[in-house]
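User: I have a model open and want to learn how to read it. Can you take me through the features in turn?

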Amino acid sequence: MIIRFWGTRGSIPVPGRRTLKYGGNTPCVEVRSSENKLLILDGGSGIRELGKHISSLDEKDISIFISHYHWDHIQGIPFFTPLYNPLNKVTFYGISSNGLTVEKEMKQQMLPNNFPISLDEFKSDTHFMELNKNIAYDINGLKVETFILNHPSPTLTFKITEAGSSFIYMTDNELNIDNVQERQNDTFLRTMNKDLIAFCSNSDYLVHDAMFDENSMLDKKGWGHSSNVSLAQFSIMANIKNLVLFHYNPDYDDSKIDIILKETKLFLNRQNSNINCIASKEGLEIKI
Ligand SMILES: [Zn+2]
Ligand SMILES: [Zn+2]
């Protein structure tokens, strides 16, 4: 498998000099199977550039998995040029949310008051498939398992496995922590995230929301995001091999993300963990 990052930012695109290193586009990740089959995770603003890249490759069969329908995860879809090529087949996969299907969610952001053209303008052979939680799917030779996350809107994580190697895309997730003694209470973290720890157990790569640092997290309870430190604790409990920080706070510039990465590594070292921790950035490529 090859993983490429096209958007790593949470909430809203933040282009500019202060985000050049890690990028300003909202979530989009390209996954390639060993047979070069394509699977896309989320359609944030990063999918626009990916679309141009795919068009240059003359790619015909495209699967897009949407974790949930918050704007930062779908806002790039109307600008995804392969959707306007009649030679392409594009399949969207997503969970029904508050009675709305993945198709209705895609239509909604292209209503006349939101966008100048409608979803009917898509020229590709376009399909919409419903996903359920706790189910395994076989997509182009990749095993894709789902699990529901802790976020204000129904949100799925995707664990992708090929030939025994696994990669987990888990963003917009608030790990359950003890609000009173959150830094010390490992037992609470382990107990309250038991099923998620089992889902992630022994995975090669975990890409996870690290939206806030530990101090900022204190008044962000219920926002549906995690701190880098609780994420590091969780990763140790799940015996993850590689931890990839993702979905950065739009207010965090490159130097702040450098600090968060350094703090996370320091925390892991103090716990005698040998987890390799990196910070995702646009253009990063991982071979698994
Ligand atoms: Zn988000
Ligand atoms: Zn969200």
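Analyst: Start with a helix. In H6, the buried residues are Asn228, Val229, Ser230, Leu231, Ala232, Gln233, Phe234, Ser235 and Ile236. "Buried" has a cut-off: 20 or more other C-beta atoms within 10 Å of the residue's own, with 12 or fewer for exposed, partly exposed in between, and C-beta atoms placed from the backbone. Helices (H or I, at least four residues) and strands (E, at least two) are DSSP runs, numbered from the N terminus.

User: What kind of model is this, and how are residues and chains labelled?

Analyst: The model is predicted: local features need pLDDT of at least 70, side-chain atom pairs count only at pLDDT 80 or more, and totals for chains, interfaces and linings use all residues. Residues are numbered from 1 along each chain as its sequence is written, while chains are lettered from A and ligands numbered from 1 in the order in which they are written.

User: How many of the ten residues of H6 are buried?

Analyst: Nine of the ten, so H6 is mostly covered. Its buried residues pack against helix H3 (186-192), helix H4 (194-200), strand S11 (205-209), helix H5 (214-217), S12 and H7. Contact here requires C-beta atoms, placed from the backbone, within 7 Å. After H6 comes asparagine 239, with a positive phi near 55°.

User: How do I read the packing of H6 and H7?

Analyst: Two packed helices are described by the angle between their axes and the distance between the axes. For helix H6 (residues 228-237) and H7, the axes come within 9 Å and cross at roughly 40°. Axes are lines fitted to C-alpha atoms, for helices over the stretch in contact, and angles run from 0 to 180 degrees between N-to-C directions. This crossing is right-handed, meaning that the near helix is turned clockwise from the far one by less than a right angle.

User: Which residues of H6 and H7 meet?

Analyst: From H6, Asn228, Val229 and Ala232. From H7, Ile260, Glu263, Thr264, Phe267 and Leu268. By class, the contact has five nonpolar, two polar and one charged residues. Ala, Val, Leu, Ile, Met, Phe, Trp, Tyr, Cys and Pro count as nonpolar, Asp, Glu, Lys and Arg as charged, and the others, Gly among them, as polar.

User: Where do the buried residues of H1 fall, seen down its axis?

Analyst: An α-helix has 3.6 residues a turn, so residues three or four places apart point the same way. In helix H1 (residues 47-57), Ile47, Arg48, Leu50, Gly51 and Ile54 are buried. They fall within an arc of 155°, so they line one face of the helix. The arc is that of the directions from the helix axis to the C-beta atoms. The cover over them includes strand S1 (2-7), strand S2 (28-32), strand S3 (38-41) and strand S4 (61-65). Aspartate 58 follows H1 and has a positive phi, near 60°.

User: What is the strand order in the sheet that contains S1?

Analyst: Strands of a sheet pair through backbone hydrogen bonds, either parallel or antiparallel. To count as a pair, two strands need at least two bridges found by DSSP. Here the order is S6-S5-S4-S3-S2-S1-S14, an open sheet of seven strands with mixed pairing. S6 and S14 are the edge strands, each pairing on one side only. The twist averages 20° from one strand to the next.

User: Which of these pairs run parallel, and which antiparallel?

Analyst: Take the parallel ones. S5 joins strand S6 (residues 125-131) by seven bridges, S4 joins S5 by five, and S3 joins S4 by three. Antiparallel: S1 and S2, with five bridges, and S1 with strand S14 (residues 285-287), with three. Some partners to click on: isoleucine 64 with phenylalanine 92 in S5, glycine 94 with glutamate 130 in S6, and isoleucine 3 with valine 31 in S2. Strand S5 (residues 89-95) is mostly covered, with five of its seven residues buried.

User: What is the strand order in the sheet that contains S9?

Analyst: S7-S8-S9-S10-S11-S12-S13, an open sheet with mixed pairing. Its edges are strand S7 (136-139) and strand S13 (276-279). Strand S8 (residues 142-148) and strand S9 (residues 156-162) are antiparallel over six bridges. Helix H7 (residues 254-270) lies across strand S12 (242-246) and S13, at about 170° to S13.

User: Is leucine 156 buried or exposed?

Analyst: Buried, because 26 other C-beta atoms lie within 10 Å. Leucine 156 lies in strand S9. Among its contacts are Ser67, His68, Ile95 and Leu131.

Technical notes:
Contact = placed C-beta atoms within 7 Å.
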